[in-house]
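My entries follow in the order I made them.

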Amino acid sequence: MGKRAQQGGGDVGPLLEQAVRSVLTAPDEMLDLALDTGASLLAASAGQWPAVSRAVLGYADTAVGRCWSAGWRPADLVRVVRRELKPVHLALAVDLIAAEGRRHPAAALDRRWQEQLRELETEVWWPGDDGYLAAFAQRHRLDRFALATAALELIRTWGRLPPIAPVGPAPGSAPARGPAGPVAGEPRMLARIRALLAKAESTEYPEEAEALTAKAQQLMAQHSIDEALLAAAGADRDAPAALRIGVDNPYEGPKTMLLDAVAAANRCRVVWAKEFGFCTVVGFDGDLDGVELLYTSLLVQATHALNKAGAGRDSRTKAFRQSFLVAYAARIRERLTAATERTTSAAAAGRHLREDGTEEQLLPDERLLPALAARSEAVDEEVGRLFPKLVSQRVRVSDGEGWAAGRAAADRAALHGRAGEIRR
């Protein structure tokens with residue numbers, strides 16, 4: 001129990017512990033009874049509600065911190081809530097993450113952790129912990145019983161999560177290997193890639209989108225090459241890292257194929273955790289940033305193309321959409337891989353792509369190909385360390401028209417593993 005739960009709570013702390021234990025251990029068929037009983041105990045008296053508020057926030061410190069130690073990150077916890085519970089639980093989850101975050105100075109958080117907190121818009125908006133539940137109930141028009149039920153449902157969902165492979169240090173802990181975390185700020189090359197992809201998403205001209213996205217992939221490949229040569233020169237002791245990217249229904253299989261296509265073209269590997277709605281991408285840090293950017297952009301472009309392809313016809317069926325997205329991912333894999341190979345061949349010949357998109361001629365560097373091979377091997381070893389047991393799953397195609405439309409859309413949009421296979 002956290003410190004705030006012990007301050008002025010009287011017997012509320014043990015009461016909360018009892019309610020939580022009952023909800024956590026209840027079988028599904030008995031859950032409603034456990035929730036009703038626990039929520040009734042917590043919400044019975046308006047006079048004890050401030051103590052309950054402190055106790056819930058204190059317990060959240062422990063519960064959320066336990067999730068961090070088990071490999072989960074802020075976006076992961078919120079994603080689970082979004083998939084399994086309701087909007088009120090989502091708002092409560094963000095607040096509890098913000099409350100727990102008061103324990104950690106900014107220096108204890110790596111860059112991606114801080115980015116997730118910003119994207120979730122976590123903030124301690126309530127004036128005092130004893131008034132938190134009352135203020136939350138007023139914001140969301142809930143009575144005490146409904147809010148106590150929501151809190152217990154959220155605690156059960158988080159409390160039953162299993163340990164997962166960590167993708168970075170938990171707050172305040174030193175990493176087991178590699179640097180202390182991603183460096184602060186964003187490389188200029190990444191800002192250039194971001195700008196190119198934003199233009200590709202906004203243009204109405206397919207040829208322009210294709211050229212912009214291809215250029216973004218070339219810059220990503222060049223950035224990876226530059227990092228590999230720095231490592232070969234001994235100036236960079238970076239090690240493979242990992243990040244998690246949400247992949248939700250509908251059509252989560254084809255979406256994962258698209259992510260795998262982007263990752264493979266950038267010397268990263270993807271492992272899909274279907275039950276939790278995310279993929280873990282393993283690679284070097286700069287490559288991971290680029291993969292996340294490009295995948296997000298291509299998913300936007302694929303969605304636009306799919307909606308356009310299915311408009312005004314009877315082919316807007318599930319089979320059509322599934323086949324469309326599978327074909328789209330397969331064709332994108334071919335195009336991105338080709339762009340990477342062209343950039344690598346040019347670099348091996350001494351032609352270097354500048355951040356502004358122009359080329360300069362340098363002397364060929366014989367260290368390049370061995371350096372790239374070494375980095376790929378290091379990524380494979382890290383995947384084996386994080387995920388010693390992997391299986392593959394195929395995504396089936398049942399609509400020929402959707403397949404043809406998907407390949408055509410990929411040709412227009414933007415621009416090897418085996419197409420159709422996903423590691424899990």
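In which helix does Gln222 lie? I looked it up and found Gln222 in helix H11, which spans residues 206–232. I noted at once that the model is a predicted one.

Next I checked the surroundings of this residue. Is Gln222 buried or exposed? Its relative accessible area is 2%, and buried means under 20%, so I wrote down Gln222 as buried. Then I listed its contacts, leaving aside neighbours within four places in sequence. Gln222 is in contact with Thr343, Arg351, His352 and Leu353.

I turned to the sheet. In what order do its strands lie? I read E1-E3-E2, an open sheet of 3 strands with antiparallel pairing. Strands E1 (241–246) and E2 (269–273) are the edge strands, and each pairs on one side only. I also noted the twist, which averages 25° from one strand to the next.

How many bridges join E2 to E3? I found 5, with E3 covering residues 278–283 and the two strands running antiparallel.

Helix H12 (residues 252–265) lies across E1, E2 and E3. H12 runs at about 160° to E2. Helix H15 (residues 368–386) packs on the sheet too, touching E1, E2 and E3. The direction of H15 makes about 135° with that of E3.

Conventions
Residues are numbered from 1 along each chain as its sequence is written. This is a predicted model: local features need pLDDT of at least 70, side-chain atom pairs count only at pLDDT 80 or more; totals for chains, interfaces and linings use all residues. Side-chain values use heavy atoms; hydrogens and water are left out. Helices (H or I, at least four residues) and strands (E, at least two) are DSSP runs, numbered from the N terminus. Buried means under 20% relative accessible area, exposed over 50%, partly exposed in between (1.4 Å probe, protein chains only). Contact means heavy atoms within 4.5 Å. Two strands pair if DSSP finds at least two bridges between them. Axes are lines fitted to C-alpha atoms, for helices over the stretch in contact, and angles run from 0 to 180 degrees between N-to-C directions.
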